[in-house]
Amino acid sequence: MQRAITLLVTGKAQPLDLFEQTSWEIRSPSLVVQVTPQIRLMVNGGDRIWKVPPVNRREILRRDKHQCQYCGSHRNLTLDHVIPRSKGGKHTWDNVVTACETCNGRKGDRTPQGAGMSLKTVPKAPIHPAIAFAEQFWHSHPTTAP
């Protein structure tokens, strides 16, 4: 509520009366602000630009939920290049996964197919949090055709 009031007073948001619900009247000595249950952000320019995070150990572990992408272990985790760098693989989001020391050693300097191993998930770059939320929402609330 406090953040919403700040955004409304500074002009970075505007109140929405979508369902004709009641609003709260917040008073100060010099100002009266109507706060509705919904507000719309009015942010201009580069104030809220989301960037893909850099490819590093912390971000790869977060993306892979601190789990080996070959066996599912949570112990002794390392980073593994799906296509080894010696074979032209790059250090990019779609080529680096989390692997335990055992699986990483077993795979060695080969591709997963060459080592007879398979990945649990396809590696990909993180997406904007709002898009991730929307995808999760629509997967958990499937629509039915009329």
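Trainee: What covers the buried residues of H1?

Mentor: In this predicted model, the buried residues of helix H1 (residues 2–9) are Ala 4, Ile 5, Leu 7 and Leu 8. Seen down the helix axis they fall within an arc of 165 degrees, so they line one face of H1. The cover over these residues includes strand E1 (13–16), strand E2 (24–27), strand E3 (32–35) and strand E4 (38–41).

Trainee: Which residues are exposed on the other side of H1?

Mentor: An α-helix has 3.6 residues a turn, so residues three or four places apart point the same way. In H1 one face is lined by the buried residues. On the other side, the exposed residues are Gln 2 and Arg 3.

Trainee: Where in the chain are Asp 109 and Lys 87, which meet in a salt bridge?

Mentor: Their side chains meet at 3.7 Å, N to O. The pair links distant parts of the chain, 22 residues apart. Asp 109 is in the loop between helix H3 (101–107) and helix H4 (129–140), and Lys 87 is in the loop between strand E5 (77–81) and strand E6 (96–100).

Conventions
Residues numbered from 1 in each chain as written. Predicted model: local features only at pLDDT ≥ 70, side-chain atom pairs only at ≥ 80, totals over all residues. Heavy atoms only, no water. Buried < 20%, exposed > 50% of the residue type's maximum accessible area, 1.4 Å probe, protein only. Helix = DSSP H or I, 4+ residues; strand = E, 2+ residues; numbered from the N terminus. Arc of directions from axis to C-beta. Contact = heavy atoms within 4.5 Å. Salt bridge = Lys/Arg side-chain N within 4 Å of Asp/Glu carboxyl O.
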